[in-house]
Amino acid sequence: MSTSFVLVDRPEVRRLSRSRADALWDLIQVLSGLGLALFLAFHTLLTASVLLGARVLDAVAGGLEAIHLDTLAHWSVPVLFLVHFVAAARKVPFRWREQQALWAQARTLRHADTWAWVFQAVSGMAVLLLGVIHMWTTIGAGAIQAASSAARVQSDGWVILYLLLAPLGQGHAVVGVYRAGVKWGVFQDVHRAQVVRVGLFVLGGGVLLSLAALVRYATL
Amino acid sequence: MSRTLTFHIFRYNPQDPASQPHLQDFSLEETANMTLFIALNRLREEQDPGLMFDFCCRAGICGSCGMVVNGRPRLACQTKTKDLPHEITLLPLPVFKLIGDLCVDTGSWFREMYTRTESWIHTNTPFDPTKEEARMDNAVAEAIYEMERCIECGCCIAACSTARMRPDFLGAAGLARIARFALDPRDERTDRDYFELIGNDFGVFGCMGLLACEDVCPKNLPLQNQLGFLRRKMGITAIKQLFRKD
Ligand code: HEM
Ligand code: SF4
Ligand code: SF4
Ligand code: FES
């Protein structure tokens, strides 16, 4: 029956967790996720500055390039992205049996946080694919300018990529920050409802902002 | 006022080779202040004496009547039918071994969990029966008591997606057990000792923070806060050990 009876009788194997690997992966996952979320917040504001005019965006981007923040982002974000994916993939139910259990659970439980996690796993995989394409086409494509970005958004069909990536990425980031907060006990039970409200507000604002910016790029 | 309730109840007897898992429908007139405890007993008395389900205290104390009520794990004795729609689906708790119909064996699971978490006070202080008991700060005693209120109903385990995907995940009740001893000044275990019990994906790092446990626990244990407390404690322990060689 139980392995633990055996383990208790054998002091030499009783201790289960000599390894720190799971703990370190968990730390890597949360830190890389928070790093990406921070980046995404800046990225959303930068791209939305086009709403104030193409010249504002060019000036902001020029300022960031002058202090080499673009170079920093161009190598750190792909690294964080990869590291975060590897860390988070340890929790994604790739096995069919696990997926069956998760779907059955989410469907019967009708529990918002459980669905939020399903969204987290699905949006993570989507962001992985779309984000890699996005980074591939932008990093190394030269200075950030409203004109070149607008040209990218306007070339055939590409707007679909952005229409998917922006809400999914932001949704994943906001749910992720919420989850990181509850998992590590930064958000306590008494604040949970409030945190959810603020999160939805930030998400709504972020999605509106990036959709408005997309419209601007598409018509620039 | 009186409604006719329709119950869809999971029926299966693993002991009987002819038995097939299925949902069986029952109708029952609702009465005032009816709980699922009352409803199930009436169904057994009036309609099917073979219906299997567990009850003992009928007051939310013994933890034996956990079942999945319209999708959510709950205590049947604490669930009033007036708070439910007229169609009620009752399933046994998942994760635990099925005994038959709505009965599951939570006992073996909890026994195993207590062994895994070494759920007793570890101390080298010799016991002196002539001495007065050592005093404990009231706030600490209350925090410990908060965790001791767990009635081992298994609802938090059945609601947990992680527990359903990984059978050896300790679950909220198990982690809460560790939190209880970590709060107790009489237990001489160090953070490193606890780390060896729960510092992995079967323990606190397997928890994905879905908070279903928090949301279904019928005794409202502060599971979210305690899981967060343990994760921080164990995360810090892991970092400290990185810088120490042994
Ligand atoms: C825009 C890029 C991304 C951002 C801003 C981001 C942000 C975050 C944050 C803050 C968390 C919470 C950390 C935690 O729960 O410990 C998280 C979790 C997660 N991320 Fe990402 N992430 C991004 C990309 C990805 C990608 C490409 C994947 C691919 C699989 C992914 C999969 C996941 C999964 C499955 C979780 C949940 C893990 C769990 O609950 O244990 N993420 N993400
Ligand atoms: S927070 Fe979620 S994953 Fe963690 S123990 Fe509770 S239900 Fe399971
Ligand atoms: S923690 Fe709550 S839900 Fe879990 S077994 Fe104890 S009383 Fe039941
Ligand atoms: S019968 Fe004891 S908790 Fe329901």
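This is a guided tour of a two-chain model, one selection at a time.

Before you start, note that the model is predicted: local features need pLDDT of at least 70, side-chain atom pairs count only at pLDDT 80 or more, and totals for chains, interfaces and linings use all residues. Residues are numbered from 1 along each chain as its sequence is written, chains are lettered from A and ligands numbered from 1 in the order in which they are written, and side-chain values use heavy atoms, with hydrogens and water left out.

**Stop 1: chain B as a whole**

Select chain B and look at its overall build. Its C-alpha atoms fill a box of roughly 65 × 40 × 35 Å along the principal axes. Chain B holds 9 helices and 7 strands; helices (H or I, at least four residues) and strands (E, at least two) are DSSP runs, numbered from the N terminus. Of its 246 residues, 52% are buried. Here buried means under 20% relative accessible area, exposed over 50%, and partly exposed in between, with a 1.4 Å probe and protein chains only. Among contacts (heavy atoms within 4.5 Å) between residues at least 6 apart in sequence, 63% join residues at least 24 apart in chain B.

**Stop 2: B:F169**

Next, select B:F169, in the loop between α5 (161-165) and α6 (171-183) of chain B. Is this residue buried or exposed? B:F169 counts as buried, at 4% relative accessibility. Show its surroundings: leaving out residues up to four places away in sequence, B:F169 touches B:W109, B:C160, B:T162, B:A163, B:L175, B:D201, B:F202, B:G203, B:G206 and B:C207. Keep B:D201 in mind, as the tour returns to that residue.

**Stop 3: B:R180**

Move along to B:R180, in helix α6 of chain B. At 7% relative accessibility, B:R180 counts as buried. Its side chain makes a polar contact with the side chain of B:D184, at 3.0 Å. A polar contact is a pair of N or O atoms within 3.5 Å; within protein, one must be able to donate a hydrogen and the other to accept it, and residues adjacent in sequence count only if both atoms are side-chain atoms. Setting aside neighbours within four places in sequence, B:R180 is in contact with B:I144, B:M147, B:E148 and B:R186.

**Stop 4: where the chains meet**

Now show both chains. 44 residues of chain A are in contact with 45 residues of chain B. Between them the two chains bury about 4100 Å², 52% of it on carbon and sulfur atoms; buried area is the accessible area (1.4 Å probe) that two parts lose on being put together, summed over both. Across this interface there are 20 residue pairs in polar contact, both at pLDDT 80 or more. On the chain A side, α1 (3-9), α3 (21-48), α6 (96-109), α7 (112-138) and α9 (158-183) each supply at least two residues. Which of the helices gives the most to this side? α6(A) does, with 7 residues.

**Stop 5: a network of charges**

Side chains of opposite charge can pair when their charged atoms come close. A salt bridge here is a side-chain nitrogen of Lys or Arg within 4 Å of a carboxyl oxygen of Asp or Glu. There are 4 salt bridges between chain A and chain B.

Select A:D22, A:D26, A:R90, A:K91, B:D201 and B:R231, which are linked in a network of salt bridges.

- A:R90 and A:D22 have their closest N and O atoms 2.8 Å apart. A:R90 lies in the loop between α5 and α6 of chain A and A:D22 in helix α3, so the pair ties together parts that are 68 residues apart in sequence. A:R90 is partly exposed at 29%, whereas A:D22 is buried at 16%.
- A:K91 and B:D201 form a salt bridge at 4.0 Å, and both are buried.

For a contrast in setting, select B:K82 and B:D83: their side chains form a salt bridge at 3.7 Å, and both residues are exposed.

**Stop 6: a nonpolar patch on chain A**

Finish by selecting A:I28, A:I67, A:L69, A:L72, A:W75, A:V79 and A:V83, which make a nonpolar surface patch of about 630 Å². Patches are made of residues with over 30% relative accessible area and no salt bridge; like charges are joined within 9 Å, and nonpolar side chains (Val, Leu, Ile, Met, Phe, Trp, Tyr) within 5 Å. Accessible areas come from the Shrake-Rupley method with a 1.4 Å probe, and for residues only the protein chains shown count as cover. Helix α5 (residues 69-89) of chain A gives the most to the patch, with 5 residues. A:W75 sits in this helix and counts as exposed, at 54% relative accessibility.
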